[in-house]
Amino acid sequence: MSLLLLALPPGPPGSYDYATSADGQSVAAHGHASAALLPPAGRGVEVVAVAPATLLSWRRLALPRSVGPGSPRLRATLAGLLEEQLLDEPEQLHFALDPDASAGGQVWVAACDKDWLAAHLRALDAAERPVNRIVPELHPRAGDLRLIVTGEPAHPWVLMSGNGVPGGAQALPLTPGALALLDSAAAGEQAELLAEPAVAALAEQALNRRIVIQPPAQRLLAASRSPWDLAQFDLARTGAARAARRMGALWRDFVHAPAWRPARWGLALLLLVHLIGINIWAKSTQQELAARRARIDAALTQTFPQVKVVIDAPVQMAKEIAALRQSTGAASARDLEPMLDALGQYTTVPAAPDAIEFTAGQLRVKGAHLAADALAEANQRLRPLGYQLQADADGALLRQEAAP
């Protein structure tokens, strides 16, 4: 599944910076277009909207034990807990909960203007680019400090996240006052410093450190890997299509993401081991079958030396045995005497038969009616001899099923 990444502008719906990716790891194309002129979002395309860090605020709070992510009272509970901390009325704001949230635990909550976000979602839906996920450009995270300088030289912004950042994540104008908010880690070697090309020189001068260039399209791609999804509560993007796209995104990450490379190698190695094992087993089975055929062929040629060419050993063996019996006058299992002997030895006939009819391999005894249990018992004894006894309207029928 490919990606269509859209940067939501701070203002009303209009045009959007976008980027596309076929594998979720590299940018295929990027540009700027109105909603109607964006790349198409058909089957196999996941549309991910990126909310700007400047329009998001973050709060850390403890959920009550009785309220969890699936609770119908969650929205009202968040509004009550955050009412004293927000400048706007809770009804005007959209909330999104930490993906790892649980009842009674500490969670991060994102807040943004609800009307602004809903207007962009409606505009993209109308342009047939429905959004599947909404991710934040910046979100609170644990780990080393990360600074991303964005914007224009006249109005640069610094996006801060990681340990030591007040509020977990901050988007502030790049000024000495903003830098003063950073912990001492800002000057350490562990800090990750990124900047857009337009403000790279300004960022190096302000931070006095070497900067890694990160184009805006790459930042959109990095944001798409966030575990957050701001599409919650009444702005949730529900439905089977969304679930299918999410599964497609997980498959794309498994196939292309570097983090899944060990798992891919492990799966490939497992399949290779199974393939080798199957081939070894198949070769061993073939060798065993060939050895059995050789033993059968040897038994035929040793028993009947006149057979020089073995084509089908069981069939040739049966023909030679039949010919030998015919030449010596020995009775076969298809003859009358062996069949009468088997019938008399292993079958208890309740009364003397009225008549006996015989054809090669088939003996009919008229008037010999057997009960079902007696018939089943007789067949158990006759089956090893190659015979089968059946009941019919006239009495019983003994057939030769296989040569002994």
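1. Glu46 and Arg133 are both buried in this predicted model. The two residues form a salt bridge in which the closest N and O atoms lie 2.8 Å apart. Glu46 belongs to strand β4 (residues 45–51) and Arg133 to strand β8, so the pair ties together parts that are 87 residues apart in sequence. The student may wish to locate both strands in the structure before reading on.

2. A polar atom of the Asn132 side chain lies 2.8 Å from the backbone nitrogen of Val47. Asn132 has a relative accessibility of 7% and counts as buried, because that value is under 20%.

3. Glu196 and Arg219 form another salt bridge, with 2.3 Å between the closest N and O atoms. This pair links distant parts of the chain: Glu196 is in the loop between β12 (192–195) and α4 (200–207), while Arg219 is in helix α5 (residues 216–224), 23 residues apart. Both Glu196 and Arg219 are buried. Through salt bridges that share partners, Glu137, Glu196 and Arg219 are joined into one network.

4. The salt bridge between Arg364 and Glu357 has its closest N and O atoms 3.9 Å apart. The cut-off for a salt bridge is 4 Å, so a pair at 3.9 Å is counted. Glu357 is partly exposed, with a relative accessible area of 37%. How many salt bridges does the count give? The count comes to 9 salt bridges.

5. Glu83, Glu84, Asp88, Glu89, Glu91, Asp113 and Asp115 make up a negative surface patch. One of these residues, Glu83, is placed in the loop between α1 (74–82) and β6 (93–97). Is Glu83 buried or partly exposed? With a relative accessible area of 45%, Glu83 is partly exposed, because the value falls between the limits of 20% and 50%.

Note on methods: Residues numbered from 1 in each chain as written. Predicted model: local features only at pLDDT ≥ 70, side-chain atom pairs only at ≥ 80, totals over all residues. Heavy atoms only, no water. Patch = residues over 30% accessible without salt bridge, like charges linked within 9 Å, V, L, I, M, F, W, Y side chains within 5 Å. Areas by Shrake-Rupley, 256 points an atom, 1.4 Å probe, with all protein chains shown as cover. Salt bridge = Lys/Arg side-chain N within 4 Å of Asp/Glu carboxyl O. Lys, Arg positive; Asp, Glu negative; His and termini not counted. Charge placed at Lys NZ, Arg CZ, Asp CG, Glu CD. Helix = DSSP H or I, 4+ residues; strand = E, 2+ residues; numbered from the N terminus. Buried < 20%, exposed > 50% of the residue type's maximum accessible area, 1.4 Å probe, protein only. Polar contact = N/O pair within 3.5 Å; in protein donor to acceptor, adjacent residues only side chain to side chain.
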